[in-house]
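Subject: The structure you asked about

Hi,

Here is the structure, ready for you to open next to the sequence. Have a look at it first, and then read on for my notes.

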Amino acid sequence: MKDRIALMLAAFWWGSLTTIGFLVVPMLFARLGNPSVAGNFAAQLFEAQSWIAIGCGLILLIHFRAKADDRMSGPAMTAIFFILGALLLALLQQYAVAPRILARENLKLWHAVGSGMYLVQWVCVGVLLWRMGARKPD
């Protein structure tokens, strides 16, 4: 039962990253017509996404740490690696990159850095989800 809940949590995390980053935010910029207004809405959505990442990531860390043995080897360690990577990227985006984008400080550079970090976070959570779905529940 706990494995299924963890799988659903990883799916929620990956699905929210996919929906916000690849559907909703591009649609905001395409439909609103004013990049400044769209950017403000996008910033609020990405902040909410960061909180989703923090919540899902922490719960998944607790889940996989409980499953890991004392040596911290094998699938649990790999999962923890992907979770920590995605969490670190989410935190860096929210607290290091986003303030620079909102301040319009070298916007092209920081937007590219933030987009790249978002993509890598999406890949980390996607790999985690793929691996969790491939193994048999305990």
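Below is what I found, starting with the overall fold and moving on to single residues.

**The fold**

Please keep in mind that this is a predicted model. The protein has four helices and zero strands, so in order from the N terminus the elements read α-α-α-α. The C-alpha trace spans about 50 × 25 × 20 Å along its principal axes. Of the 138 residues, 33% count as buried. Among contacts with a separation of 6 or more, 72% are between residues 24 or more positions apart.

**The largest pocket**

The largest pocket has a volume of about 860 Å³. Which elements give two or more residues to its lining? They are helix 1 (2-32), helix 2 (35-67), helix 3 (75-102) and helix 4 (107-134). Helix 2 gives the largest share, with eleven residues. In total, 31 residues line the pocket, and those that lie nearest its centre are Ala42, Ala43, Phe46, Ile101 and His111. Sorted by class, the lining has 16 nonpolar, 13 polar and two charged residues.

What does Gln121 touch, once residues up to four places away in sequence are not counted? The list is Trp13, Leu17, Ala53, Ala86, Leu89, Ala90 and Gln93. With Gln93 there is also a polar contact of 2.9 Å, which joins the two side chains. Leu88 is 33 residues from Gln121 in sequence, and the two are 8.7 Å apart in space, C-alpha to C-alpha.

Leu28 belongs to helix 1. Its relative accessibility is 16%, and because the cut-off for buried is under 20%, Leu28 counts as buried. Leaving aside neighbours within four places in sequence, Leu28 is in contact with Ala38, Phe41, Ala42 and Leu45. One of these, Ala42, is also among the residues nearest the centre of the largest pocket. Gln49 is 21 residues from Leu28 along the chain, and their C-alpha atoms are separated by 16 Å.

His63 is found in helix 2. Is His63 buried or exposed? With a relative accessible area of 13%, His63 is buried. Not counting residues up to four places away in sequence, His63 touches Lys2, Asp3 and Ala6.

**The cysteines**

As a reminder, a disulfide is a covalent bond between the sulfur atoms of two cysteines. How many disulfides does the count come to here? The count is zero. Cys56 is in no disulfide, and the nearest cysteine sulfur, that of Cys124, is 15 Å away. As for accessibility, Cys56 is buried, with a relative accessible area of 4%. Cys124 is buried too, at 14%.

The last item is about the backbone. Most residues other than glycine have a negative phi. Although Asn106 is not a glycine, its phi is positive, at about 45°. Arg104 is exposed, with a relative accessible area of 60%, because exposed means over 50%.

**In short**

You have a predicted model with four helices and zero strands, a largest pocket of about 860 Å³ and zero disulfides.

Best wishes

How values were computed
Residues numbered from 1 in each chain as written. Predicted model: local features only at pLDDT ≥ 70, side-chain atom pairs only at ≥ 80, totals over all residues. Heavy atoms only, no water. 1 Å grid on protein atoms, 1.4 Å probe; cavity = no way out; pocket = protein on both sides within 12 Å on 5 of 7 lines; lining within 4 Å. Points joined across faces, edges and corners; volume = space filled by probe spheres on them. Nonpolar A, V, L, I, M, F, W, Y, C, P; charged D, E, K, R; others polar. Buried < 20%, exposed > 50% of the residue type's maximum accessible area, 1.4 Å probe, protein only. Contact = heavy atoms within 4.5 Å. Polar contact = N/O pair within 3.5 Å; in protein donor to acceptor, adjacent residues only side chain to side chain. Disulfide = S-S within 2.5 Å.
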